[in-house]
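Here are my notes for a colleague who is opening this entry for the first time. Please keep the sequence and the view side by side as you read.

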Amino acid sequence: MLDDERRFDGLPARPGVGYKPQHFSALQADPGPVAWIEVHAENYMGDGGRPHAQLRALSERFALSIHGVGLSIGGETPLDRDHLARLKTLCDWAQPASFSEHLAWSTHGAEYLNDLLPLPYTDATLARVASHIAQVQDVLGRQMLLENPSSYLAFADSTMSETEFLAALVDRTGCGLLLDVNNVFVSATNLDLSAQAYLDAYPLAHVQEFHVGGHDEDHDDTGAPLLIDSHGKHVIDPVWTLLEHALATTGPKPVLVEWDNHVPDWPTLRAQAQRAAKALAT
Amino acid sequence: MSDQTTFRQGLLDPSRATPDGLKGPANAPAGKRYDVYRNNVTHSLIAALQTAFPLVRKILGGQSFDSLAPIYVRAHPPKSPVMMQYGIDFPAFLETLPQLSKLGYLPDCARFDLALRGSYHAADAAPFDLAAFQTLPPDEMMAQRLPVAPATRILRSHWPLYDIWRFNTVADAPKPRPVAQDVMITRPQFDPEPHLLPPGAADWLDRLAQGDSVQAAHDATLTTTPEFDLAATLVVTLGKSAFCTDEGR
């Protein structure tokens with residue numbers, strides 16, 4: 001639906017927002033610094049109607065990122081070919097500037113569990129995820145970006161760190177990376193690690209997009225902090241600080257504000273995009 | 001047993017212990033940390049059901065609906081990542097619940113919610129050329145095949161389904177009458193709209209969808225519904241965007 005010149009150009013190194021249909025008019029009337037939008041692929045896998053019409057209209061004006069949440073790239077079973085075909089149909093139709101998915105699993109057997117479930121970082125997992133990423137890139141005919149998860153626990157079986165695992169995946173598949181700095185903050189807090197050290201070890205040269213979002217605070221059985229990646233609040237200052245730290249190394253990159261639950265009015269979300277613009281300017 | 005089989009088993013079964021091999025900081029047992037995934041899976045599926053079945057939830061009340069939802073999501077997890085399709089088995093599930101036996105119309109209300117959602121996401125199609133149809137001589141009109149639009153849905157019910165929908169969603173709508181009602185859902189642009197169908201119209205529309213002409217569908221419908229009123233049926237179907245043009249399909 002976009003002209004060929006705009007294909008595969010990548011996202012602009014400016015703020016973007018996770019698009020919510022209730023913002024359709026307000027986003028276009030007053031986008032502020034927002035130059036691109038990201039949508040969850042699965043919400044646009046109907047055959048037509050309003051979702052497709054809105055995406056078509058917004059694509060005239062904003063660069064588009066399609067972000068899958070249901071492919072289960074970390075699954076033990078083969079990728080769902082029907083779902084991969086649906087993704088290809090959507091990407092062929094919408095011609096997004098970027099396609100991304102998660103380092104997680106969500107399908108087991110015939111069941112889809114609607115959550116991003118965690119993986120042990122082992123050689124066996126690495127081989128499996130690498131082969132799935134290669135399959136996705138082959139079918140879609142484009143590079144994909146892989147997002148780091150929010151972790152609530154770790155696996156006794158893991159033999160490498162998440163950053164080592166991601167770097168190895170980039171080496172093996174040539175995929176790009178989507179660095180969610182809120183997930184880094186959540187995982188580091190939950191596993192009592194250093195978020196700063198994570199960024200220092202992370203293969204920042206391969207980042208093509210950042211995510212920021214809000215999280216909830218809880219505690220585990222021992223009273224230790226347990227942060228939940230809820231995407232339902234403002235981004236907290238330490239997460240902006242982490243973003244700025246990473247941007248200092250990567251230079252300007254596309255930065256997405258995610259706010260998926262308790263979705264605020266447009267001026268509130270636009271203000272978060274303005275905060276992202278400030279981070280990009282420093 | 002594979003790692004993910006073990007991990008999955010506890011997600012929708014709160015009676016199971018946290019799987020082995022999971023840990024928190026400093027090698028502490030994972031404990032409640034695993035429950036985060038349990039909560040995410042269960043609550044996200046319940047939220048999807050709430051979104052999918054607004055009429056059923058309105059009739060039952062939020063509290064009753066939310067107490068039934070966990071039973072359904074644990075017994076019927078989604079079979080596809082396309083969550084807009086989740087809940088296909090929900091009407092049949094409601095039929096099996098003894099506590100709902102006095103609400104015999106509820107499964108049809110769930111089918112109504114599914115049809116509304118299906119219509120919302122259905123393919124676009126070019127609108128039917130009503131003006132051209134109306135200029136046809138009567139015999140040619142009767143010989144036409146009318147393509148049913150992809151977003152059109154037909155619901156047959158032994159219950160006053162249309163009245164029940166109106167009573168629960170439209171302010172000051174009258175109480176449902178004790179009659180069987182068939183409902184047609186159409187989507188003029190983006191928003192699906194329910195309409196009450198006259199007797200036999202559902203059969204007539206089915207015949208059209210199979211490729212019958214207006215006349216052939218009419219004749220077949222009369223054999224099962226002698227009171228079928230083609231004029232009244234044309235008013236509601238043509239007037240409410242039930243058809244499309246062939247090129248738009």
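1. Start with the second largest pocket. Its lining has 33 residues, and those nearest the centre are A:Y121, A:A154, A:E162, A:L191 and A:L193. The volume is about 600 Å³. A pocket here is an open set of points on a 1 Å grid over the protein atoms alone, where a 1.4 Å probe fits, with protein on both sides within 12 Å along at least five of seven lines; lining residues have an atom within 4 Å of a point. Volume is the space filled by probe spheres set on the points, which are joined across faces, edges and corners.

2. The model is predicted: local features need pLDDT of at least 70, side-chain atom pairs count only at pLDDT 80 or more, and totals for chains, interfaces and linings use all residues. Residues are numbered from 1 along each chain as its sequence is written, chains are lettered from A and ligands numbered from 1 in the order in which they are written, and side-chain values use heavy atoms, leaving out hydrogens and water.

3. By type, the lining has 22 nonpolar, nine polar and two charged residues. Nonpolar covers Ala, Val, Leu, Ile, Met, Phe, Trp, Tyr, Cys and Pro; charged covers Asp, Glu, Lys and Arg; the others, Gly among them, are polar.

4. Stay in chain A for strand β3 (residues 63–67). Five of its five residues are buried, so the rest of the structure largely encloses β3(A). Buried means under 20% relative accessible area, exposed over 50%, and partly exposed in between (1.4 Å probe, protein chains only). One face carries A:A63, A:S65 and A:H67, the other A:L64 and A:I66. Strand β2 (residues 36–40) of chain A runs parallel to β3(A), with five bridges between them. A:I37 has A:L64 as its bridge partner. Two strands pair if DSSP finds at least two bridges between them.

5. Chain B has an open antiparallel sheet of three strands, in the order β2-β3-β4. Both β2 (153–155) and β4 (193–197) of chain B are edge strands with a single partner, so each has one side without a neighbour in the sheet. The twist averages 25 degrees from one strand to the next. Helix α9 (residues 161–169) of chain B packs on this sheet, touching β2, β3 and β4, at about 140 degrees to β4(B). Contact means heavy atoms within 4.5 Å. Angles run from 0 to 180 degrees between N-to-C directions, with axes fitted to C-alpha atoms, for helices over the stretch in contact.

6. Check B:P160, in the loop between β2 and α9 of chain B. Is B:P160 buried or exposed? B:P160 is buried, at 10% relative accessible area. B:P160 and B:Q181 are 21 residues apart in sequence, yet 4.9 Å apart in space, C-alpha to C-alpha.

7. Two backbone angles deserve a look. Most residues other than glycine have a negative phi. B:A26 has a positive phi near 55 degrees, and B:D172 one of about 65 degrees. B:A26 is exposed at 81% relative accessible area. B:D172 is also exposed, at 81%, and sits in the loop between α9 and β3 of chain B.

Terms used. Helix = DSSP H or I, 4+ residues; strand = E, 2+ residues; numbered from the N terminus.
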